[in-house]
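This report describes a protein chain through its overall make-up and a few selected places. Please keep the sequence and the three-dimensional view at hand while reading.

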Amino acid sequence: MKDLSKLLLVSILGGALTLGSYKMFFEEEIPAGLPPVSNTSAELIPANYSGDIYGTNADFTEAAENTVNGVVHVKNVAVFKGPRTMRDLIQGNHSGGKALQGAGSGVIISPDGYIVTNNHVIREANEVEVTLNNNKTYTAGIVGADETSDIALLKIDAEGLDYIPFGDSNNVKLGEWVLAVGNPFNLKSTVTAGIISATARDLNTYDATSQSFIQTDAAINPGNSGGALVNINGELVGINTAITSQTGSYIGYAFAVPSNNTRKIVEDIMEYGDVQKGILGIRGGSINPRAVEEFGLETTQGVMVAEVTEGSGAEKAGLERGDIIRKLDNVAINKFSDLTGYINSKRPNDEIDVIFLRDGKQREAKVTLTKFETYTIEPIKIEVSNASQQELQALNVENGVRIHRTLSPRLPAEELVGTIITAIDNKNVSSVSDVERIFRNKNLAEDIVITIVDRNGEKQRMVWR
């Protein structure tokens with residue numbers, strides 16, 4: 001009996017030592033967050049399926065087998081220098097080390113090692129490590145990234161890799177089955193199933209960022225960021241990016257950047273080094289009940305043109321204030337995010353076939369997209385764009401650039417976006433090129449003085465130290 005008790009005690013101690021060794025010698029990974037983008041209700045829960053949720057004809061096995069090896073584990077590693085222990089501090093040892101900032105997913109898009117992930121997965125990384133499904137690990141280089149769309153492109157030195165081909169996200173249908181493939185909570189190679197719940201979803205209509213997400217109810221959690229959303233044929237239709245939740249975990253709503261937009265961003269980064277943004281040259285918004293009543297409209301869907309930018313492709317093609325855009329290249333435009341989502345998949349100088357209504361009659365025009373130029377004033381986290389003549393006239397100013405968006409939560413976007421910067425360091429500016437030239441030659445240790453004209457036409461001087 002005593003021998004049995006001793007044996008039991010030894011077993012318990014052995015298990016404890018094994019667990020302790022695991023904790024000491026194996027790295028604990030932090031899933032890169034799929035940021036909760038909306039906290040509208042804590043009561044929302046995913047729908048409960050009953051019966052055969054897969055239907056009689058749907059088979060996910062082939063799609064899962066064809067895609068699971070094309071999704072990788074991405075680790076964001078920060079390298080730091082400095083003493084790691086009190087002994088290092090006393091002895092002056094500054095060897096430093098590595099710290100894992102976060103982990104997410106990525107999608108192999110070519111056999112020679114190009115990988116798409118989310119920008120927020122690799123943001124501020126000193127080093128990026130990629131682990132394939134076969135447990136081979138590589139150090140990845142960051143080819144480029146676009147913060148606005150939250151897409152980044154990585155490259156590893158490898159050949160003959162399994163990859164996921166791009167599908168056409170314009171063809172996804174409501175109710176269509178999709179799979180989400182990724183590494184939630186560091187559970188590698190996880191596949192979940194759901195349907196397309198919505199398309200062209202704009203999660204924040206009040207910011208300056210044009211969003212057009214695919215919404216799905218496939219379970220996506222922290223660590224899924226940058227993973228694949230694929231159709232039943234195993235084709236990439238989206239890059240999983242965000243969830244809406246008050247807990248930080250999945251409650252039934254997940255969002256992905258459409259594959260057409262992703263593909264265009266990746267090709268731009270590879271060919272030009274940055275994203276080429278084309279614009280129609282209009283300002284407007286979705287038709288709502290108020291607009292229907294106020295303007296006596298006969299349609300409740302589409303984008304109403306509020307302003308046509310001078311010199312733009314839209315102006316040259318004859319579009320006017322009050323026109324209602326219904327289709328772009330046979331893609332239905334029911335709301336503003338439909339329009340921005342499609343335009344974001346195109347480039348400057350692309351020609352778009354626009355179907356619109358004027359005075360209740362359908363018309364057609366071919367619009368050549370013009371380039372959307374922006375410049376980020378990095379020290380103060382503000383992005384500016386060229387101002388139209390109408391915008392300058394509305395505020396009674398002769399020159400300036402428009403604040404397109406703010407890049408820091410500390411800045412009041414609702415007050416700054418749309419205002420006009422007329423001078424920087426007492427030098428007048430009339431274009432994005434003027435702003436870029438000033439900061440190219442500026443000593444950033446000096447104060448930055450910006451003259452702004454707000455929406456009420458009031459002039460203000462702001463100083464950043």
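## Overall picture

The model is predicted, and every value given here should be read with that in mind. The protein has 465 residues, of which 47% count as buried, and its secondary structure comprises 11 helices and 27 strands. The protein exposes about 24700 Å², with carbon and sulfur atoms supplying 48% of that area. Among contacts between residues at least 6 apart in sequence, 61% join residues that are at least 24 apart.

## Helix 5 and what it packs against

Helix 5 covers residues 259–272, and its 14 residues reach 19 Å from the first C-alpha to the last, close to the 20 Å expected at 1.5 Å a residue. The buried residues of this helix are Ser259, Asn260, Asn261, Thr262, Lys264, Ile265, Val266, Asp268 and Ile269. Against these buried residues pack strand 3 (114–118), strand 5 (137–146), strand 6 (151–155), strand 11 (236–243), strand 12 (254–258) and helix 8 (336–343). Just after helix 5 comes Gly273, which takes a positive phi of about 90°.

Gly167, in the loop between strand 6 and strand 7 (177–182), touches two of the residues named above, Ser259 and Asn260, and also Glu235 and Leu236, when residues up to four places away in sequence are not counted.

## Strand 12 and its partners

Strand 12 is mostly covered, with five of its five residues buried. This strand pairs with strand 9 (residues 213–216) in the antiparallel sense over three bridges, and five bridges join it, again antiparallel, to strand 11. Which residues stand opposite Ala256 in strand 12? Ile214 is one of them, and Asn240 is another.

## A buried serine

Is Ser105 buried or exposed? Ser105 is found in strand 2 (residues 97–108), and it counts as buried because its relative accessibility is 0%. Leaving aside residues up to four places away in sequence, Ser105 touches Val71, Val72, Val74, Thr117, Gly182, Asn183, Gly223, Asn224, Ser225, Gly226 and Gly227.

Most residues other than glycine have a negative phi. Asn330 has a positive phi, near 70°, and Asn396 likewise has a positive value, of about 60°. Asn330 is placed in the loop between strand 16 (324–328) and strand 17 (331–332), whereas Asn396 lies in the loop between helix 9 (389–394) and strand 23 (401–406). Asn330 counts as exposed because its relative accessibility is 66%, and Asn396 is exposed because its relative accessible area is 73%, the cut-off for this class being over 50%.

| Residue | Phi | Relative accessibility |
|---|---|---|
| Asn330 | near 70° | 66% |
| Asn396 | about 60° | 73% |

Technical notes:
Residues are numbered from 1 along each chain as its sequence is written. This is a predicted model: local features need pLDDT of at least 70, side-chain atom pairs count only at pLDDT 80 or more; totals for chains, interfaces and linings use all residues. Side-chain values use heavy atoms; hydrogens and water are left out. Helices (H or I, at least four residues) and strands (E, at least two) are DSSP runs, numbered from the N terminus. Buried means under 20% relative accessible area, exposed over 50%, partly exposed in between (1.4 Å probe, protein chains only). Contact means heavy atoms within 4.5 Å. Accessible areas come from the Shrake-Rupley method with a 1.4 Å probe; for residues, only the protein chains shown count as cover. The expected span of a helix is 1.5 Å times one less than its number of residues. Two strands pair if DSSP finds at least two bridges between them.
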